[in-house]
Amino acid sequence: MQSLLTIEWLKLKRYRTFWILIGCFTFLLAAWNYGISGGMLKIGAGDVNILNQAYTFSQVWENLGFWTSFFVIFLSILIIIITTNEYQFRTNRQNIIDGWSRTQFYHAKWLVVVTLSILTTLYVFILGIIFAASYGSISEFPGNIEKLFYTFVTALNYFGFSLLVAVLFKRSGISIGIFFLYNMIIETLLKNLINWKLDFKAGNYLPLQASDELLPFPLMDMAKAMLNMKDSSSMLPYLIVSFVWICSYYLIGRRILMRSDW
């Protein structure tokens, strides 16, 4: 497995698009949260900004995770591009000629997905330490750090879905278009329609929405805490369903790869 990941790194380390999209993610996520914490988005009167409380250790992991779920789009596009490039430039066939099996080729891409998910989570952890130390007390560390795991699940869900789309359509332009169409429009419409038609919110368990539900807008939790309202909802069903979808992406993508003509 390590050798597969090493070969993937050799492909990527001099690829300009890789560094551009990584840079966009790291810079924009930090800049966006810095802007909010500095008052770009303000809720409160005078010098009071309630959103600053979302950057203390009690809320920072959920807060950063919520915003990360928007910015992982950059890395999702990266997954699509590096996968579809293999088809467009026929390097997938060269890997087979060099001795790889199709399974090894597929697992190499999934190793990239898992690695990027881990690195995303580590980056959010570093940002969380910096912001929470600035707006709260370091003695409150680690706070609800177990919720940082939701960021990992969300990233893995988005990246796994992106890989499936890339394997299915094999062209970067089409794959990126389908990804945005589904993420921005189709899933939102399906979620609202299903929740409207059914007595329970089954639409919340759609592929990308399931992991999004793990990281709701933190202001809602803050409002419930201020009103002494207990949140009886459990995140366990969304966590389980998210992993079911992730496993489904892997199995469906593998089946497509094994049966397709390269």
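## Glu-62 and its partner

In this predicted model, Glu-62 is buried, because its relative accessibility of 8% falls under 20%. Its side chain meets that of Lys-147 in a salt bridge, 3.0 Å from N to O. Lys-147 sits in the loop between H5 and helix H6 (148-169), and Glu-62 in helix H3 (residues 60-88), so the pair ties together parts 85 residues apart in sequence. Lys-147 is partly exposed, at 24% relative accessible area.

## A salt-bridge network

Five salt bridges are counted. Some share partners: Glu-8, Lys-11, Glu-86 and Lys-109 are joined into one network.

Take Glu-8. This residue is buried, with a relative accessible area of 2%. Lys-11 and Glu-8 are three residues apart in helix H1 (residues 2-12), about one helical turn. Lys-11 is partly exposed, at 32% relative accessibility.

Lys-109 also forms a salt bridge with Glu-8; the closest N and O atoms are 2.9 Å apart. Lys-109 lies in helix H5 (residues 102-135) and Glu-8 in helix H1, so this pair ties together parts 101 residues apart in sequence. Both Lys-109 and Glu-8 are buried.

## Around Pro-207

Pro-207 belongs to helix H8 (residues 207-212). It is buried, with 9% relative accessible area. Beyond its neighbours within four places in sequence, Pro-207 contacts Asn-157, Tyr-182, Glu-187, Trp-245 and Tyr-249. Asn-157 is 50 residues from Pro-207 in sequence, yet their C-alpha atoms are 7.8 Å apart.

Note on methods: Residues numbered from 1 in each chain as written. Predicted model: local features only at pLDDT ≥ 70, side-chain atom pairs only at ≥ 80, totals over all residues. Heavy atoms only, no water. Helix = DSSP H or I, 4+ residues; strand = E, 2+ residues; numbered from the N terminus. Buried < 20%, exposed > 50% of the residue type's maximum accessible area, 1.4 Å probe, protein only. Contact = heavy atoms within 4.5 Å. Salt bridge = Lys/Arg side-chain N within 4 Å of Asp/Glu carboxyl O.
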